[in-house]
Amino acid sequence: MLLTIDVGNTHTVLGLFEGEDVIEHWRLATDPRRTADEIAVVLQGLLGQSPLLKGADISGIAICSTVPSVLNEMREMCRRYYGDVTAVIVEPGVRTGVPVRMDNPKEVGSDRIVNALAAIDQYGGPCIIVDFGTATSFDAVSAKGEYVGAVTAPGIEISVDALAAAGAQLHKVELIRPRSVIAKNTVEALQAGIIYGFAGQVDGIVERMAAELADDPDEVTVVATGGHAGLVMGEARSIDVHEPWLTLIGLRLIYQRNTS
């Protein structure tokens, strides 16, 4: 079985593949202070608790990370606890098959390249990936499978935290859809602003990106992923498909490219 690990700024998502299928998954808070030994304890605890994995062996590990300090500890964890398992870490020198057409390709986060590969493999190009994470990231991939550009906006959680910190009469609210757009209380007014505001942002940015990406914007497939994608999916008209495991799928593909 292949263990895939996507380390984001806020959350770390782990998925276990049997063939092409995700058979088990977990979401953890990303803690830059966690050592290699602590990561191993958490990982082995999760693997040991799953009823699906009794007697299962990890045959490979694929990792990408946007947090350098965590990546270093992940690397050490693999060396100490899974030394006999082939590990592929997405970094310079690893084959992805995705040409990066940016002014400085080194600035592009590894997770964005991984997502681009998965989107092209699953849905073809041209496509736009909307990743609802710490930031809301919009990545453009050409019909040829090239990573051609991006938009980065503040994420939902960051925006909620900033609003609660700056407004004396405001506070954090549960991120759910309100009863209506025109709210009757402060909590639902905040929820409406968050949900419908971000849906409008997504539609506006995607429309402009698609117009630049293809002669016929209708040919562009828009793929949503990330922890908060489900909040906006039903309200953003521009999103075609929701793939929660897009990054994990990309890690599986990169592992295959670099080990086969």
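Colleague: Which residues of α1 meet residues of α2?

Modeller: A36, D37, I39, A40, L43 and Q44 in α1 meet E73, M74, E76, M77, R80 and Y81 in α2, where contact means heavy atoms within 4.5 Å. By class, this contact has seven nonpolar, one polar and four charged residues; Ala, Val, Leu, Ile, Met, Phe, Trp, Tyr, Cys and Pro count as nonpolar, Asp, Glu, Lys and Arg as charged, and the others, including Gly, as polar. The model is predicted: local features need pLDDT of at least 70, side-chain atom pairs count only at pLDDT 80 or more, and totals for chains, interfaces and linings use all residues. Residues are numbered from 1 along each chain as its sequence is written, and side-chain values use heavy atoms, without hydrogens and water.

Colleague: What makes α1 roughly perpendicular to α2?

Modeller: Helix α1 (residues 36–49) and helix α2 (residues 68–81) pack at about 70 degrees, their axes 8 Å apart. Angles of 65 to 115 degrees count as roughly perpendicular (under 35 is roughly parallel, over 145 roughly antiparallel, the rest oblique), so α1 is roughly perpendicular to α2.

Colleague: How do you know which kind of peptide bond joins G125 and P126?

Modeller: Omega is about 0 degrees, and the bond is cis. Most peptide bonds are trans. P126 lies in the loop between α3 (110–123) and β6 (127–132).

Colleague: What is the class make-up of the lining of the largest pocket?

Modeller: The lining of the largest pocket holds 13 nonpolar, 17 polar and seven charged residues.

Terms used
Axes are lines fitted to C-alpha atoms, for helices over the stretch in contact, and angles run from 0 to 180 degrees between N-to-C directions. Helices (H or I, at least four residues) and strands (E, at least two) are DSSP runs, numbered from the N terminus.
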